[in-house]
Amino acid sequence: MIKSFHPPLRTLMGPGPSDVHPRVLAAMARPTIGHLDPAFIGMMDEIKQLLQYALRTENALTLPVSAPGSAGMEACFVNLVEPGDKVIVCQNGVFGGRMKENVERFGGVALMVEDPWGEAVSVDKVRALLEQHDNIKALAFVHAETSTGVQSNAKALCALARDYGCLSIVDAVTSLAGIELEVDAWGVDALYSGTQKCLSAPPGISPVTFSERALEAVRNRKTRSPSWFLDKNLVMGYWGGGQKRAYHHTAPVNALYGLHESLVMLQEEGIEASWQRHMHHHTALRSGLEAMGLEMAVAADVRLPQLNSVMIPDGVDDAALRGRLLSDYSLEIGAGLGALAGKVWRIGLMGSSCSRRHVMLCLDALENALVEQGADVTAGRAAAAAAACYAESVA
Ligand SMILES: *Cc1c(COP(=O)(O)O)cnc(C)c1O
């Protein structure tokens with residue numbers, strides 16, 4: 001007989017999912033009601049308002065797609081890219097490559113701007129490409145590249161898109177609530193995010209927002225969107241506001257209770273305070289790692305506070321060390337991906353996983369595991385270095 005599943009209690013400090021707050025888990029255990037129940041529709045309207053707050057936008061089309069971040073990505077491309085459209089796609093890690101896939105699958109032509117893994121998207125290269133071509137439909141880039149821990153200059157890139165008359169499509173899966181993100185002030189046109197990174201809700205939902213310009217492009221399509229499920233015109237009838245909902249699909253009722261609660265918590269904290277908290281704990285973690293003799297993989301000016309790529313010291317067995325953290329501390333950190341596999345660890349400080357408790361646990365666990373492997377690190381200094389950071393910020 002197969003028994004009930006009870007997951008082990010972990011501390012999640014990888015690239016997502018991050019720790020889900022007990023308030024969010026409790027919200028998800030509340031009774032399931034019908035997705036067209038007036039009480040549920042009222043909650044959907046609140047989620048929209050809370051997302052507008054978190055994203056700093058008044059876009060009417062702001063809603064959670066009932067599927068993970070990858071579906072939010074697809075929702076942006078399948079609605080905005082038509083056969084033959086030219087789209088500039090910036091790639092400096094894993095996720096830019098997926099944007100290219102999306103453009104090509106929907107019949108578009110992807111013009112690539114490639115930068116090395118671990119570096120930001122070059123605004124100059126994007127400008128040069130915009131100068132060379134006419135009729136670019138959109139500029140697509142990843143704000144926070146979770147595969148490397150790098151942030152790109154979303155404000156400058158969106159401004160460029162406006163200057164050259166094309167739409168901007170922004171991946172904000174890891175940036176939302178972790179670093180400054182201003183949809184309206186920066187003129188972002190289409191943006192998708194995720195719930196399991198800095199919002200610390202369970203995975204499986206993707207907040208998306210479209211500007212009026214983006215909606216205009218959707219309305220003016222020459223061809224029908226090849227996706228029925230993600231067609232914005234249809235989804236709007238369901239999420240568009242008011243009590244007149246047309247059945248489109250059954251919303252993931254309890255998952256949305258969880259998202260609602262996590263957004264309520266974000267509002268209580270304040271979006272700017274959330275950005276600051278991520279920077280605050282990143283500073284302490286970094287001090288501790290450097291005091292140990294470890295090296296950050298990404299240059300300081302483009303480093304993401306919520307995703308810390310750290311060089312693995314020579315001679316250390318990457319998989320064995322991460323296995324040790326999991327077995328001895330029930331602590332998960334992320335492995336390197338693609339070009340950085342085996343070279344870096346990715347330590348997430350996202351949402352509920354961004355606290356002093358997380359920073360201190362991670363430094364202690366990592367130091368002990370490295371010493372055990374005989375790695376060339378300085379023991380006994382990391383905790384004090386992090387504590388000094390905290391003491392300084394209180395003063
Ligand atoms: C996690 C992530 C995604 C994909 O989100 P899923 O919820 O895993 O589908 C996309 N882009 C970035 C930058 C991410 O970090």
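Reader: What makes Lys232 count as lying over the face of Phe210?

Author: Lys232 is 5.8 Å from the ring centre of Phe210. A charge sits over a ring if NZ of Lys or CZ of Arg is within 6 Å of the ring centre and within 35 degrees of the ring normal, so Lys232 is listed as lying over that face. This is a predicted model, in which local features need pLDDT of at least 70, side-chain atom pairs count only at pLDDT 80 or more, and totals for chains, interfaces and linings use all residues. Residues are numbered from 1 along each chain as its sequence is written, and side-chain values use heavy atoms, with hydrogens and water left out.

Reader: Why is the aromatic pair of Trp228 and Phe229 called tilted?

Author: The angle between the planes is 40° and the centres are 6.5 Å apart. Rings of Phe, Tyr and Trp (its six-membered ring) pair if their centres lie within 6.5 Å; planes under 30 degrees apart count as stacked, over 60 as edge-to-face and the rest as tilted. The pair of Trp228 and Phe229 is therefore tilted.

Reader: Why is Trp228 called exposed, and why is Phe229 called partly exposed?

Author: Buried means under 20% relative accessible area, exposed over 50%, partly exposed in between (1.4 Å probe, protein chains only). Trp228 has 52%, so Trp228 is exposed; Phe229 has 30%, so Phe229 is partly exposed.
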